Amino acid sequence: MSAAVVNMSSEATVKPVAAACYDNNLVNSQGMFLGDQPLRFSLPLLLVQVSLILLLSAAAHLLLRRLGQSRFVTHMLVGILLGPSVLGRSAAFRAALFSERGTYILESVSLVALILFLFSMGVKTDLSLLRRPSGRALAVGLTGAVVPLAVTIPVFHVLQPSLPDDLRGTSLITELAVRLSLSSFPVIADALSDLDLLNTDLGRIALTASLITDVTSWFLRACFAAGFLVTEAKSPAFTAKILASFVAFVLFVAFVARPAGRYIAHKRTPTGALLSEGSFVVVVIAALLSALVTDAIGFKYMIGPMMLGLALPGGMPIGATMTERLDSFFIALFLPVYMALSGYRTDFAELIGNKATENWCALELFVGLCVAGKLVGCVAAGLFFAMPFREATVLALMLNIRGIVEVAAINNWGDTMKATAEHYSILTLSMVLITAVSTPLIKLLYDPTGRFARAKRRTLEDARPSADLRVLACLYSEDHAAPLIDLLEASGSSRDSPMSLIVLHLTELVGRAASVLKPHRKSRSSCSNPTPSDRIVNAFRYFEQQAAPGAVTVSPYVAQAPYTSMHHDVCSLAHSRKANLILLPFHKSSDGARSTANNAIRSINRSVLQYAPCSVAILVDHGLAAGSACATAANSLLQRVALYFLGGPDDREALAYAARIPEAGNMSLTVVRFRLRNWVGMGGRDEVRDEEVLQDFWNRHRDNERAVYVEKTVEDGEGTASAVRSMSDKFDLLIVGRRGGGDNDDLEGSAALTSGLSEWSECPELGVLGDMLASAEFASKVSILVIQQQPARTAAAANTDP
C-alpha cells in the first residue's frame with residue numbers, strides 16, 4: 001500500500017491530496033463476472049474517463065461552435081460540467097470516476113500530451129517571421145505587451161497594502177500581469193486556424209506580433225528561472241552547476257540536435273516523404289527527454305520541448321510528420337483531457353463567502369487591467385499605422401485570445417502553491433470568459449472579404465484592346481503548368497499588347513503554424529534538387545524567354561495556407577497586383593483512363609468566383625496537358641478556338657478575352673452567336689451592349705482571315721445543346737461565359753437559349769453551358785475555358801453565395 005502526502009496547509013490547494021490510499025497492483029480487472037469492480041482498476045478507469053471526456057467534448061462542440069466558440073472553451077466547460085460545481089457535487093460520481101486516486105494517471109498522460117503539443121508547435125513555428133517583421137506587427141506586439149504591464153504593476157504596488165493577505169505577500173499578481181500582457185503564439189495560431197483567418201492580413205500581423213512577444217518571453221522565462229535558482233543557491237559551486245547545466249543543454253540543442261534534425265530532414269528522408277518510423281521515434285524521444293532534462297535541472301518542463309522544437313526545421317518532413325502522426329492522434333486524444341482536467345478543478349463553491357468576494361474583486365481587477373491595457377495598446381499602435389479603428393480592435397481581440405498556455409501557467413501556480421483553489425477557480429473562469437467573448441466578436445466584426453467586395457471591379461470588357469493584360473495564374477500542382485502555358489500562349493501578347501503574368505503556386509499548409517504568401521525565391525539546393533515550385537517557375541520563365549521581347553513579364557509567388565481559407569491569398573494577390581483576370585484550373589483531372597476530383601480545389605474555385613475583385617476564368621483541360629511546357633505559335637495544340645456567345649456580361653467578358661487570339665500567330669477564332677428564333681428583343685441595356693461589342697469585334701477583325709463570325713438560330717435550350725454537340729468536335733478549345741446569374745432583368749431571350757439545361761447540372765461553378773461541355777460526352781474531345789465577369793457588389797452582398 002502507498003499513500004499520498006497529506007497537505008497540512010490551512011489554505012485549500014488546487015489539487016487536494018487527502019490521504020488517498022490505494023493498491024499499486026490494481027491495474028487490470030479480472031472482470032465483473034468474477035467479482036471485480038472494473039472502475040477500481042487503473043486501466044478500465046482511464047478508458048472510461050478518456051471516453052467520457054471526448055464524448056462530451058464532441059457533443060458540446062457541435063452546439064457551441066455555432067456560437068463561435070473555440071475548442072478550448074468547449075473542453076474547459078466540459079471539465080467544469082464534470083467537476084465539483086455540477087456533476088461532481090455528487091460524492092458517488094466523484095468517488096467512482098474522478099477521485100484523487102483516479103486522476104493521477106489521467107493527469108500524467110495529459111501532461112505528456114502537453115509536452116508533445118508544445119514541441120510540435122515549436123517545430124511548426126517559422127522563426128523567419130522575425131527576420132523582417134513589419135512595423136505594424138512589431139509596434140502592435142511590443143505596445144500590446146508594455147502597456148498592460150505599465151498599468152498593472154504600479155496599480156498593484158499602490159493597492160498592495162489593502163489587498164487580501166494571500167495576494168499581498170505572493171508574486172501571483174506580478175506573474176499574472178506578465179502572462180496576460182503577452183500573447184501566446186501556439187494559442188493564437190490554433191485559434192486563427194479554427195476561425196479560418198490564418199492567411200488574412202490581420203491574421204498575419206497577429207501571428208507575427210505574438211511570435212515576437214512569445215519568443216522574447218521564453219528567453220526571459222529561462223533567464224528568470226536561472227536567476228531564481230541562483231538566488232536560492234547555497235554555495236558558488238551549486239550556482240556554477242545550475243548555470244553549466246542550462247548552458248550545456250542550450251549548446252546541445254544548438255550544435256547537436258539542430259544539425260541532427262537537418263540531417264534527418266534533408267539527407268535521410270526522400271523529398272516529399274514523411275519521416276521514417278525510426279526517425280519519427282527518435283524525434284519524439286528527444287522531445288520527451290528535453291522535458292526531462294530541463295525539469296531535472298530545476299527549470300520548467302515546458303522550456304525544453306519548446307526550445308528543441310524551435311531548433312528543428314519545420315514544414316516537410318518533420319513538421320508534416322508531427323501533424324500527420326502525432327497531432328492527429330495522441331495530442332488530439334489527450335490534450336482535451338488536460339484542458340478538461342483544468343476545468344474539472346474549478347469549483348464555484350470556492351467563490352462563495354466574504355473572503356472569496358474580496359479575492360474575486362482583487363484578481364478580476366488586475367485581469368481586467370491587463371486585458372484593457374492590451375486592448376488599448378494594440379488599438380493605439382494600429383491607429384498610429386493608419387489602420388481603421390474596426391480592424392485595430394479586431395487585431396487587439398486576436399492578441400487577447402487565451403488558451404492552453406495560460407491554463408498551463410495557472411496550473412503551475414497551483415502546483416507551486418502560489419495560487420490557492422480559490423485563486424485557481426477565479427483565474428480559470430477568467431481565461432474561459434476572455435476567449436468566449438473574443439472569438440465571436442472577431443467573427444462578428446471582421447470580414448476579410450469585405451475589402452474585395454468594396455474594391456473597384458477590373459474587367460477585360462472595360463479595358464482597351466491593346467492594354468496590358470494582367471493575369472493571375474493559379475496552380476496547385478506541376479500538372480497544371482503545361483495547359484495553362486499553352487492557353488496563355490494562345491491569348492496573344494506583343495510589345496504593343498503586353499501580358500503581365502502573376503504565377504501563384506498554391507499548396508496546403510502542412511507542418512507549419514503560420515501561412516505563407518511571398519515572392520518565389522530559389523533555394524540553395526534548387527539546382528541539384530528543385531522543388532515543385534522551382535519547376536513550375538522554370539516552365540513559366542522559359543515561356544517568358546520564348547515570347548517576343550517585352551511581350552510577357554512573369555512574377556512568381558508561392559502560397560501555403562489551409563484549403564478552407566486559400567481563396568484569401570488568391571483574392572488578396574489579385575487585388576494588390578491589379579489583375580484583370582484570375583485563371584484557375586478545374587478541380588477534375590483525367591489521365592485518359594480515369595478521372596479524379598479534388599473537392600478542396602473545387603471549394604477554393606467557388607470561393608474565388610464569389611469574392612474575387614476581378615474577372616475569373618476556370619480552365620477545364622481535356623487535352624492541353626499533353627502539350628509542351630512552352631508552346632509556340634507554330635506547334636501549339638490550340639489551332640482552332642471557338643467562342644459560344646449567348647449574351648450577357650460573362651459572354652462579353654469572354655469575347656473581350658477571345659478577341660486577342662486571332663492576333664496570336666496561327667490560331668483561328670470562330671465566334672458563334674446563338675439567337676432565339678422569332679425572338680423580338682426588348683431593347684434592354686445588356687442586349688444593346690451585346691450588339692455593340694459584337695460589332696466592335698467584327699470591325700476590329702473584319703480583314704483577319706483567322707477570325708470568323710457565325711450566327712446560329714435555335715428554337716430553345718435543346719436546340720442550343722444540339723448545335724453545340726454538332727460543332728464542338730471541330731475545335732481544340734471552347735470559350736464560354738459562365739452566365740452565373742445576376743439581377744439583370746433584360747436577358748429573357750438569352751436565358752431561353754439554355755432553358756432546361758440546368759436540371760442535370762453537376763458543376764454549377766461552370767455555368768449551364770460550361771457544365772454541359774465539361775461532361776463525359778466531351779471529356780476526351782475539347783478543353784473548355786469558362787469566364788465570369790465579376791459584378792459590382794456591396795460589402796453585404798459579399799456574404800451571399802454566387
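**Figure 1. Lys-578 in a loop.** Lys-578 is found in the loop that runs between helix H21 (566-576) and strand S7 (581-585). Helices (H or I, at least four residues) and strands (E, at least two) are DSSP runs, numbered from the N terminus. The model is predicted, so local features need pLDDT of at least 70 and side-chain atom pairs count only at pLDDT 80 or more, while totals for chains, interfaces and linings use all residues. Residues are numbered from 1 along each chain as its sequence is written, and side-chain values use heavy atoms, with hydrogens and water left out. Although Lys-578 is not a glycine, its phi is positive, at about 55°. Lys-578 is exposed, with a relative accessible area of 53%. Here buried means under 20% relative accessible area, exposed means over 50%, and partly exposed lies in between (1.4 Å probe, protein chains only).

**Figure 2. Ala-386, a residue with positive phi.** Ala-386 is a residue other than glycine, and its phi has a positive value near 65°. The loop that holds Ala-386 lies between helix H14 (354-384) and helix H15 (389-399). With a relative accessible area of 69%, Ala-386 is exposed.

Figure 3. The bond from Met-316 to Pro-317 is cis, with omega near 0°. Pro-317 sits in the loop between helix H12 (303-311) and helix H13 (318-344).

**Figure 4. Leu-335 and Ile-115.** Leu-335 is placed in helix H13 and counts as buried, at 8% relative accessibility. Leu-335 and Ile-115 are 220 residues apart in sequence, while their C-alpha atoms are 9.7 Å apart in space.

**Figure 5. Helices H4 and H11.** Helix H4 (residues 100-124) packs against helix H11 (residues 277-296) at an angle of about 110°, and their axes are 10 Å apart. Axes are lines fitted to C-alpha atoms, for helices over the stretch in contact, and angles run from 0 to 180 degrees between N-to-C directions. H4 and H11 are therefore roughly perpendicular to each other (angles under 35 degrees count as roughly parallel, over 145 as roughly antiparallel, 65 to 115 as roughly perpendicular and the rest as oblique). The crossing of H4 past H11 is right-handed. A crossing is right-handed if the near helix is turned clockwise from the far one by less than a right angle, and left-handed if anticlockwise.

**Figure 6. A nonpolar surface patch.** The patch is formed by Val-247, Leu-251, Phe-252, Phe-255 and Val-256, which together have about 490 Å² of accessible area. Patches are made of residues with over 30% relative accessible area and no salt bridge, with nonpolar side chains (Val, Leu, Ile, Met, Phe, Trp, Tyr) joined within 5 Å and like charges within 9 Å. Accessible areas come from the Shrake-Rupley method with a 1.4 Å probe, and for residues only the protein chains shown count as cover. Phe-255 lies in helix H10 (residues 236-266) and counts as exposed, at 61% relative accessibility.

Figure 7. Side chains of opposite charge can pair when their charged atoms come close. A salt bridge is a side-chain nitrogen of Lys or Arg within 4 Å of a carboxyl oxygen of Asp or Glu. The whole structure has 22 salt bridges. In one of them the side chains of Arg-640 and Asp-732 meet at 3.2 Å, N to O. This pair links distant parts of the chain, 92 residues apart: Arg-640 is in strand S11 (residues 640-645), and Asp-732 is in the loop between helix H25 (717-728) and strand S14 (733-737). Arg-640 is partly exposed, with a relative accessible area of 40%, whereas Asp-732 counts as buried at 19%.

**Figure 8. Salt bridge between Arg-675 and Glu-691.** The side chains of Arg-675 and Glu-691 meet in a salt bridge of 3.5 Å, N to O. Arg-675 lies in strand S12 (residues 668-676) and Glu-691 in helix H24 (residues 685-701), so the pair ties together parts that are 16 residues apart in sequence. Arg-675 is partly exposed, with a relative accessible area of 30%, and Glu-691 counts as partly exposed at 35%.

Figure 9. Helix H23 (residues 649-658) is mostly covered, with 9 of its 10 residues buried. Among the buried residues of H23 are Arg-652, Leu-655 and Tyr-657. Arg-652 is also linked with Glu-461, Arg-689, Asp-690 and Glu-692 in a network of salt bridges.
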